[in-house]
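Open the model in your viewer and keep the selection tool at hand. This tour goes stop by stop, saying what to select and what is there.

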Amino acid sequence: MSDSRPVRTRYAPSPTGDPHVGNIRSALFSWAYARSQGGQFILRIEDTDRNRLVETSTDAIMESLRWLGIDWDEGPEVGGPHEPYFQSQRLPLYQRAASQLIEAGRAYRCFCTAERLEQMRAAQAAAKQPPGYDGLCRQLSAEESEARSKAEPFVVRFAMRREGQTVLNDLVRGQVVFENKLQDDFVMLKSDGYPTYHLGVVVDDTEMEITNAIRGDEWISSAPKHIQLYEALGWTPPVWAHLPLILGPDHKKLSKRSGDTALLDYRTNGYLPAAMINFLAFLGWSLDDHTSILSIEELKQHFDLSRVVANPAVFDIDRLNFLNGHYIRAMGDAEWVETIATWCESGLPASVPRPVDRPVIEQAAPLLKERIARLDEIAPMVAFLFGEEAPEYAPEAILERVPEREVAIRVLETAAERLGAVPDAEWDVARIEAVIRGLEEPLGLKLRKFVPALYVAEMGRAQGIPLFDSLVLLGRERSLRRLRTAIRKLG
RNA sequence: GGCGCAUUCGUCUAGUGGCCUAGGACACCGCCCUCUCAAGGCGGAGAUCAGGGGUUCGAAUCCCCUAUGCGCUACCA
């Protein structure tokens with residue numbers, strides 16, 4: 001198993017859309033493994049499907065990786081000794097391999113039309129036979145093949161060995177044996193001259209000196225194709241590691257239908273990269289029997305393919321939310337203030353003047369920290385600080401917490417009266433707290449019983465950052481006005 | 001249908017023959033703290049290790065069978 005070559009891994013997505021979490025988890029593991037081994041991580045774009053190509057994908061792929069802090073040593077924008085890193089720009093490489101295989105009798109041109117293949121499959125299905133190419137063009141003589149290739153479109157199929165078995169030695173699954181008689185001659189070069197995935201990976205992984213091919217488990221069935229390709233080409237295959245799938249809440253492979261979302265959606269939804277990394281890292285891997293919080297630095301240092309498990313993992317959003325809250329609380333004060341400012345700029349109503357009042361943000365910041373799980377919760381929670389009146393609310397919001405209308409009105413009136421007696425110069429937390437606590441006696445109610453009414457009056461909702469501090473931030477005038485507004489609403 | 005993979009608390013996982021009357025984390029429940037909501041602290045419930053056969057003095061850990069789930073089965077990756 002020992003190999004003196006430096007470890008080289010790659011992430012080789014196809015640009016058919018924005019990368020989703022399952023895909024990025026593969027990137028993360030590949031990257032982490034390379035880093036833990038002091039090796040290199042390569043980014044390669046497998047843009048061989050012209051029909052499904054989405055122009056913006058490559059940028060989304062790079063942006064996703066950068067957001068998480070996954071850096072690549074070779075690939076788009078950074079270059080490297082194996083340029084280019086786009087498969088569409090490496091066509092001669094695949095064509096050369098295909099010719100070599102045709103000459104060696106290990107591959108052949110196939111002139112079958114889509115219609116014929118369709119009929120063939122229908123017949124196979126009707127006869128309850130396993131689908132697969134029937135090998136019609138495998139019989140063609142070299143001369144005929146050569147001649148027809150001048151006039152007809154064709155694909156190149158790989159002639160799979162049909163006797164014996166093909167054995168995959170997988171780092172996470174151990175030995176997996178495939179019966180060759182069940183294999184069929186797959187297309188390796190399409191009629192448009194582009195390679196299929198199978199040829200593309202084998203050629204490029206070899207040319208780019210990849211030592212460890214880490215990919216999702218959905219690929220394990222095609223491993224025998226790749227292994228036989230390596231054999232036929234006389235090349236040495238990388239060490240494979242097939243990662244367990246990530247499942248949606250319905251326990252099916254994560255897909256658009258099954259709760260998956262593009263990775264970058266998590267950014268716009270207010271998740272922190274550190275939380276995402278931590279979350280993804282433990283989907284199929286663990287450090288030991290007790291660690292559940294892990295930084296990206298620790299991951300780089302300790303990640304090990306030998307601790308990847310084989311069974312699929314369900315994506316648990318509750319856990320991600322917890323981790324996100326954890327990393328928010330762990331954030332440094334200055335960074336936290338910047339974060340709040342950013343999310344306020346984008347999340348507050350247009351009526352709030354920009355740039356958003358910095359001192360207010362700075363004072364609200366510490367109060368906000370342990371109350372936020374996602375960054376997109378920031379703006380709704382501090383919105384009340386930026387306006388004359390509280391955000392619109394229904395009077396019922398008060399009555400839900402202080403059921404009797406008369407009592408609620410008395411609470412608000414008494415508060416307005418006593419708070420109104422506090423001169424502006426003495427409007428501070430200590431004084432406000434004393435006054436509001438002093439309301440217990442005249443109202444004959446426990447603080448916790450009546451205070452929600454004040455929350456709603458001041459911030460439009462029954463829960464939020466601490467009331468006493470909020471009143472200071474609001475100032476005497478606005479605080480009192482909101483009390484009067486609430487009384488009017490109830491009356 | 002065929003082939004392949006998987007199967008430990010609801011979820012992510014620890015566990016590689018005796019340390020397991022199965023550990024940690026999230027979620028859940030309770031108590032404490034408390035101006036709301038959180039956060040935090042403490043505690044609780046929760047897995048007869050899919051089921052059945054073996055092997056062994058001894059199995060979650062090894063073998064076999066069954067069941068279930070998932071993946072693949074394209075000129076998509």
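Select α1 (21-36) and α9 (residues 273-281). The two helices pack at an angle of about 85°, with axes 10 Å apart, so they are roughly perpendicular to each other. Roughly perpendicular covers 65 to 115 degrees; under 35 is roughly parallel, over 145 roughly antiparallel, and the rest oblique. Axes are lines fitted to C-alpha atoms, for helices over the stretch in contact, and angles run from 0 to 180 degrees between N-to-C directions. Helices (H or I, at least four residues) and strands (E, at least two) are DSSP runs, numbered from the N terminus.

This is a predicted model: local features need pLDDT of at least 70, side-chain atom pairs count only at pLDDT 80 or more, and totals for chains, interfaces and linings use all residues. Residues are numbered from 1 along each chain as its sequence is written, chains are lettered from A and ligands numbered from 1 in the order in which they are written, and side-chain values use heavy atoms, with hydrogens and water left out.

Now show side chains at that crossing. From α1, pick Val21, Ile24, Arg25, Leu28 and Phe29; they meet Met276, Ile277, Leu280 and Ala281 of α9. Contact means heavy atoms within 4.5 Å. By class, eight of these residues are nonpolar, none polar and one charged. Ala, Val, Leu, Ile, Met, Phe, Trp, Tyr, Cys and Pro count as nonpolar; Asp, Glu, Lys and Arg as charged; the others, Gly among them, as polar.

Stay with α1 and move to the largest pocket. Which element gives the largest share of its lining? It is α1, with six residues. β1 (8-11), α6 (197-207) and β8 (212-216) also give two or more residues each. Select Ser14, Thr16, Asn23, Glu218 and Trp219: of the 37 lining residues, these lie nearest the centre. The lining divides into 14 nonpolar, 11 polar and 12 charged residues. The pocket holds about 1,100 Å³ of space.

On a 1 Å grid over the protein atoms alone, a pocket is an open set of points with protein on both sides within 12 Å along at least five of seven lines, and lining residues have an atom within 4 Å of a point. Grid points are joined across faces, edges and corners; a volume is the space filled by probe spheres set on the points.

Next, the second largest pocket, at about 380 Å³. Select Leu117, Arg121, Val155, Arg157 and Val187, which lie nearest its centre among 19 lining residues. α4 (114-126) and β4 (155-158) each supply at least two. α4 gives the most, four. Here the classes are 12 nonpolar, three polar and four charged.

Jump to α19 (residues 447-459) and α21 (residues 476-490), which pack at about 105° with axes 8 Å apart. That makes α19 roughly perpendicular to α21. Leu454, Ala457 and Glu458 in α19 meet Arg478, Ser479, Arg482, Leu483 and Ala486 in α21.

Finish with the backbone. Most residues other than glycine have a negative phi, and most peptide bonds are trans. In the loop between α2 (57-68) and α3 (91-103), find Pro84. The Glu83 to Pro84 bond is cis, with omega near -5°. Glu77 is in the loop between α2 and α3, with a positive phi of about 70°. Glu77 is exposed at 61% relative accessible area. Exposed means over 50%, buried under 20%, partly exposed in between (1.4 Å probe, protein chains only).

Key
On a 1 Å grid over the protein atoms alone, a cavity is a set of points where a 1.4 Å probe fits but cannot get out, and a pocket is an open set with protein on both sides within 12 Å along at least five of seven lines; lining residues have an atom within 4 Å of a point.
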